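Here is a short tour of some helix packing and a pocket. Have the structure open as you read.

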Amino acid sequence: MEHDLTADGLPSGGPLPGGQGARSRSQHQRRKRIVQAAAALASRGGVEAMQMRTVAERAGVALGTLYRYFPSKMDLVVAVVGEEIDLLESSIERRPPSADTASGRAVDVLMRATRGLMREPELADALIRSLILADDVEIPLGDRMAGLLLRVSTGGLTPEQATEEQLALAGSLASVWVQELLEILRGRRTHDQIQRRIEIAASRLLGDI
């Protein structure tokens, strides 16, 4: 069987024979260590603390190895964002939102995400600031959150199955959340204020989804 490569240069398509499978697992573990090291540094000192050499040292890899996995700091930020959303999605799978309405389920997801990020405000600030400043690397936070909101609010609809309007509504709510997260990081909103504003936006945007 022929195996394609993922964006990280890792094999995809199922188990590999012999040593290739072990090598692939080793690569995945090394990548995970790098991402966890970057997140730990960002949680203490923001984007400025995510110096590539420091990340490599903390992860226990050579600097050249780090650059093979992540050619730039922004690529590393993208990976940290992805890891945070993976954790949120796992939480949603274990304990799905129980609200009766689409907007209520979406609010549940967004407030869980807010609480999770605000446990590490320096990390949250690093991710959001990178989202705003990135000009040559796509940061998947908004799109990933929009897809998650679409699924929970519609009972499982994927972006590929959704209409253009449904995608736009979920994306708009994700954008509102990102902006409100910025406000709480700047000290301009309380947690309760953010929840109320997200509830209002969700009820308007997802009322007929």
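H4 and H7 are roughly parallel to each other, because their axes meet at an angle of about 10° and angles under 35 degrees count as roughly parallel, over 145 as roughly antiparallel, 65 to 115 as roughly perpendicular and the rest as oblique. The model is a predicted one, where local features need pLDDT of at least 70 and side-chain atom pairs count only at pLDDT 80 or more, while totals for chains, interfaces and linings use all residues. Residues are numbered from 1 along each chain as its sequence is written, and side-chain values use heavy atoms, with hydrogens and water left out.

The axes of H4 and H7 are 10 Å apart; axes are lines fitted to C-alpha atoms, for helices over the stretch in contact, and angles run from 0 to 180 degrees between N-to-C directions. Helices themselves are DSSP runs (H or I, at least four residues), numbered from the N terminus. On the H4 side, the contact (heavy atoms within 4.5 Å) includes Val 81, Ile 85, Leu 88 and Ile 92, and on the H7 side Leu 141, Met 145, Leu 148 and Val 152 are among the partners. By class, that contact has eight nonpolar, one polar and four charged residues (Ala, Val, Leu, Ile, Met, Phe, Trp, Tyr, Cys and Pro count as nonpolar, Asp, Glu, Lys and Arg as charged, and the others, Gly among them, as polar).

| Pair | Angle | Axes |
|---|---|---|
| H4 and H7 | about 10° | 10 Å apart |
| H5 and H7 | roughly 140° | within 8 Å |
| H8 and H9 | about 165° | 10 Å apart |

Which helix gives the most to the lining of the largest pocket? H4 does, with seven residues. The lining has 21 residues, with Glu 84, Arg 112, Ala 113, Gly 116 and Leu 117 nearest the pocket's centre. By class, the lining has twelve nonpolar, two polar and seven charged residues. A pocket here is an open set of points on a 1 Å grid over the protein atoms alone, where a 1.4 Å probe fits, with protein on both sides within 12 Å along at least five of seven lines; lining residues have an atom within 4 Å of a point.

Methods. Helix = DSSP H or I, 4+ residues; strand = E, 2+ residues; numbered from the N terminus.
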